[in-house]
Amino acid sequence: MATQAHSLSYAGCNFLRQRLVLSTLSGRPVKIRKIRARDDNPGLRDFEASFIRLLDKITNGSRIEINQTGTTLYYQPGLLYGGSVEHDCSILRGIGYYLESLLCLAPFMKHPLRIVLRGVTNDQVDPSVDVLKATALPLLKQFGIDGESFELKIVRRGMLPGGGGEVFFSCPVRKVLKPIQLTDPGKIKRIRGMAYSVRVSPQMANRIVDSARSILNKFIPDIYIYTDHMKGVNSGRSPGFGLWLVAETTNGTFLSAELVSNHQGQGAAVLPEDLGRNCAKLLLEEIHRGGCVDSTNQSLALLLMTLGQQDVSKVLLGPLSPYTIEFLRHLKSFFQIMFKIETKPCGEELKGGDKVLMTCVGIGFSNLSKTLK
């Protein structure tokens, strides 16, 4: 364990979440310098400070040091503790920003995590809570993370700029993860989705559905898009509308796309018809990229493969996103693991874009927190 102790050093604010999450799982301290050092407003942003506070809440014995200007951060991870937690997220980023990292950490807690997050449920930057529920939860189930206490639900929707959303997430703990073999995505069999509107006319959602269907009906007949209009207290503090779509394949792969209207005081108003059509096109683009995991969850799948038992895991992905490529570099730094990457050019069987087959042998990560009673 002595080799694990030396800390890794990074510069800049990019990929801050990746570094802190992998540091927590590997137990290796990390020092990040020059965080926006040349910026007019240097140092950590509000949403990053909120993320660090969240890590502090779910771990026990973490040591966090930040210098006065906020440009240098030293993080020595403690044990993942879990339990019941409440956290007010910064409204500068969506709840998805925090939830993506919690999905990586939650299975390895000492006590099952039950957390209430408050903030913005749907924004244009981070994956929405709806999409994570539709795509990331089935992915976690493939690795054997499942049970009655595994749920993610939106209690209240919150749009920018006011927020006011609330989400409940609970996840059981696992000592080891199953290796996976996801090499055949299968064919698209149905498309599901939801058009939601808050503090605007419920008619908006119906207009979105009609325009999205006008494009998707040419692709596949089995389409069902729900409408969700939250009223009163459950509708957050700001008006807005949006759509998320998920295509499910015969082999249980989920590919997603989503769009949200511009919030008050930001850019031109978006017509619901345009939003519906553009979101449908985004989904078709994601289907074209293909793979067994959609682009939002590539890094989550690779992390869980790394932490799996000492057995071979394989997953077929569409083109790797820049975020995923950087994540692979970080996995090598923190866990000394390398993936075998084989490109699968678009041939007869594989429709759509060029695919990448990722293979690795898990490090046999065992949930140490779970055994300490």
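In these legends, a residue is buried at under 20% relative accessible area, exposed at over 50%, and partly exposed in between (1.4 Å probe, protein chains only). The model is predicted, so local features need pLDDT of at least 70 and side-chain atom pairs count only at pLDDT 80 or more, while totals for chains, interfaces and linings use all residues. Residue numbers start from 1 along each chain as its sequence is written, and side-chain values use heavy atoms, with hydrogens and water left out.

**View 1. Gln-336, a residue with positive phi.** Gln-336 is not a glycine, yet its phi is positive, at about 50°. Most residues other than glycine have a negative phi, and most peptide bonds are trans. Gln-336 sits in the loop between helix 8 and strand 17 (340-344). Helices (H or I, at least four residues) and strands (E, at least two) are DSSP runs, numbered from the N terminus. With a relative accessible area of 54%, Gln-336 is exposed.

**View 2. Lys-34, with a positive phi.** Lys-34, also a residue other than glycine, has a positive phi near 50°. Its loop runs between strand 2 (30-33) and helix 2. Lys-34 has 53% relative accessibility and therefore counts as exposed.

View 3. Pro-161 belongs to the loop between strand 9 (151-156) and strand 10 (165-171).

**View 4. Helix 7 packed on helix 8.** Two packed helices are described by the angle between their axes and the distance between the axes. Axes are lines fitted to C-alpha atoms, for helices over the stretch in contact, and angles run from 0 to 180 degrees between N-to-C directions. Helix 7 (residues 298-306) meets helix 8 (residues 322-335) at an angle of about 20°, and their axes are 9 Å apart. This makes the two helices roughly parallel (angles under 35 degrees; over 145 is roughly antiparallel, 65 to 115 roughly perpendicular and the rest oblique). Helix 7 and helix 8 cross in a right-handed way; a crossing is right-handed if the near helix is turned clockwise from the far one by less than a right angle, and left-handed if anticlockwise. Helix 7 contributes Gln-298, Ser-299, Leu-302, Leu-303 and Thr-306 to the contact, and the residues from helix 8 include Phe-327, Leu-328 and Leu-331. Contact means heavy atoms within 4.5 Å. By class, the residues of this contact are seven nonpolar, four polar and no charged. Ala, Val, Leu, Ile, Met, Phe, Trp, Tyr, Cys and Pro count as nonpolar, Asp, Glu, Lys and Arg as charged, and the others, Gly among them, as polar.

**View 5. Helix 1 packed on helix 8.** The angle between helix 1 and helix 8 is about 30°, with 10 Å between their axes. Helix 1 and helix 8 are therefore roughly parallel, and their crossing is right-handed. Among the residues that meet are Leu-22 and Leu-25 of helix 1 and Phe-327 and Leu-331 of helix 8. The contact of helix 1 with helix 8 holds seven nonpolar, four polar and three charged residues.

**View 6. Phe-15 and Tyr-323, an aromatic pair.** The whole structure has eight aromatic pairs. Rings of Phe, Tyr and Trp (its six-membered ring) pair if their centres lie within 6.5 Å; planes under 30 degrees apart count as stacked, over 60 as edge-to-face and the rest as tilted. The ring centres of Phe-15 and Tyr-323 are 6.0 Å apart and the planes are at 45°, so this pair is tilted. Phe-15 lies in the loop between strand 1 (8-11) and helix 1 (16-26), and Tyr-323 lies in helix 8, 308 residues apart from it. Phe-15 is partly exposed at 25% relative accessible area, and Tyr-323 is partly exposed at 31%.

**View 7. Phe-51 and Tyr-98, another pair.** With ring centres 6.4 Å apart and planes at 45°, Phe-51 and Tyr-98 form a tilted pair. Phe-51 is in helix 2 (residues 46-58) and Tyr-98 in helix 3 (residues 95-105), so the pair ties together parts 47 residues apart in sequence. Both Phe-51 and Tyr-98 are buried. Phe-47, Phe-51, Tyr-97 and Tyr-98 make up one aromatic cluster.
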